[in-house]
Amino acid sequence: MKGIGILVNILACLVGGGFGLMVQGKLRVRYQQGLYRLMGILVLGFGAYELMQHYFVLADGEIELKGSIMVVIALTIGALMGYLFDLTGLFHKIGCKLSQKEKKEKEAEKQRLERLSRAVDMAIEKDMALPKVPWLDRLSAYEMPSFLSKSLYADGFILAWVFLCANSMLLSGVLADGMDGVTTTLLIKSGADFIFCFSMALICGSGVMHAIIPMAFLEGILWLGCTALPELTDQFFAPVLTAQLLVIGAVTLLILGVQMTFDVKKIKAMNFLPAPLVPLLYYGILFILNLFTEK
């Protein structure tokens with residue numbers, strides 16, 4: 001049945017993220033940091049596998065590169081656009097606005113710190129023992145500090161957005177599901193998304209859940225194109241364009257994996273998201289021109 005793969009993928013993300021929220025704050029920070037690094041290694045391996053599968057092709061006993069020039073151009077222009085407009089900063093602001101709960105928690109934390117400060121000052125003045133604050137010990141032991149920005153919610157929102165939407169399996173899986181009803185690729189993606197959403201929701205909170213919305217939107221648009229205009233969609237997503245988009249997605253995952261594994265803050269995977277627009281616009285213009293010339 002066509003479309004079942006997309007539903008399973010969205011459901012896997014929701015269930016994984018929901019389970020992660022249920023156990024959020026139950027692990028000590030050192031375990032959360034280890035889980036975060038583990039997710040980075042898995043993303044790095046996932047991106048490397050996708051890159052080897054789609055970029056390096058064995059033909060007649062020789063290894064060939066698919067769409068190398070366009071891929072380099074797209075990644076370069078996309079990165080320039082992303083860093084020029086500071087997409088990471090923009091989506092961080094969006095994530096902070098979406099997080100009303102986080103604002104309340106910050107205000108409550110500020111009030112607790114003020115009460116603690118007053119209690120410490122009073123104890124010093126009266127030469128008393130400093131007050132014991134159990135929640136402060138728990139705060140340092142269980143609440144993961146932000147690792148990309150000042151907002152842990154925004155961190156999860158940004159990282160999950162990149163992983164869920166830049167994954168090359170999104171394009172290949174939806175095309176296979178929408179055209180032929182084959183759900184194998186989307187089912188594999190669902191398993192990876194479940195693990196990632198669970199882990200990142202456990203660490204970062206509900207920001208991961210909001211990142212599912214753009215993934216569902218992209219999959220829905222692609223699937224509607226496959227079902228409503230199958231011939232045009234098949235012609236537009238020719239093997240050349242599809243291969244280039246898959247390679248760009250794999251490289252973006254590699255960058256995300258490096259960013260998470262080695263805690264490289266200067267490399268921002270979110271800023272590479274405009275890269276697919278370059279081949280899409282280029283081949284889209286050629287596709288429209290061909291339609292008019294044929295008529």
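Helices here are DSSP runs of H or I with at least four residues, and strands are runs of E with at least two, numbered from the N terminus.

I am working on a predicted model, where local features need pLDDT of at least 70, side-chain atom pairs count only at pLDDT 80 or more, and totals for chains, interfaces and linings use all residues. Numbering runs from 1 along each chain as its sequence is written, and side-chain values use heavy atoms, with hydrogens and water left out.

**Nonpolar patch.** I looked up which helix gives the largest share of the patch, and α1 does, with four residues. For patches I take residues with over 30% relative accessible area and no salt bridge, joining like charges within 9 Å and nonpolar side chains (Val, Leu, Ile, Met, Phe, Trp, Tyr) within 5 Å. The members are L11, V15, F19, M22, V23, L38, L42, F194 and I195, together about 780 Å² of accessible area (Shrake-Rupley, 1.4 Å probe, only the protein chains shown counting as cover). Two or more residues each come from α1 (4-22), α2 (29-54) and α9 (184-204). I checked F19, which sits in helix α1; its relative accessibility is 41%, so I log F19 as partly exposed. My classes are buried under 20% relative accessible area, exposed over 50%, and partly exposed in between, with a 1.4 Å probe and protein chains only.

**Helix α2.** Its 26 residues should span 38 Å at 1.5 Å a residue, and I find the end C-alpha atoms 37 Å apart, which agrees. The expected span is 1.5 Å times one less than the number of residues. Buried residues of α2 include Y36, F46, E50 and H54.

**Helix α7.** Residues 152-166 make up α7, and its 15 residues should span 21 Å; the ends are 21 Å apart, so that agrees too. I count 15 of 15 residues of α7 as buried.

**Cavity.** I searched the whole structure and got one cavity of 30 Å³ or more. On a 1 Å grid over the protein atoms alone, a cavity is a set of points where a 1.4 Å probe fits but cannot get out; a pocket is an open set with protein on both sides within 12 Å along at least five of seven lines, and lining residues have an atom within 4 Å of a point. Points are joined across faces, edges and corners, and volume is the space filled by probe spheres set on them. The largest cavity holds about 30 Å³. Its lining includes T88, I158, L159, V162 and K268. α7 gives the most to this lining, three residues.

**Second largest pocket.** The volume is about 690 Å³. I find 27 lining residues, with C165, L218, L273, P276 and L280 nearest the centre.

**Loops.** D86 lies between α3 (68-85) and α4 and has a positive phi of about 50° although it is not a glycine. I log D86 as partly exposed at 34%. A275, between α13 and α14, is buried at 0%. A275 is 199 residues from T76 in sequence, yet their C-alpha atoms are 7.6 Å apart.

**Salt bridges.** How many salt bridges does the structure hold? I get two, taking a side-chain nitrogen of Lys or Arg within 4 Å of a carboxyl oxygen of Asp or Glu. D193 pairs with K189 at 2.6 Å, both in helix α9 and four residues apart, about one turn. E219 also meets K189, at 3.8 Å, N to O. E219 is in α11 and K189 in α9, so this pair ties together parts 30 residues apart in sequence. Shared partners join K189, D193 and E219 into one network.
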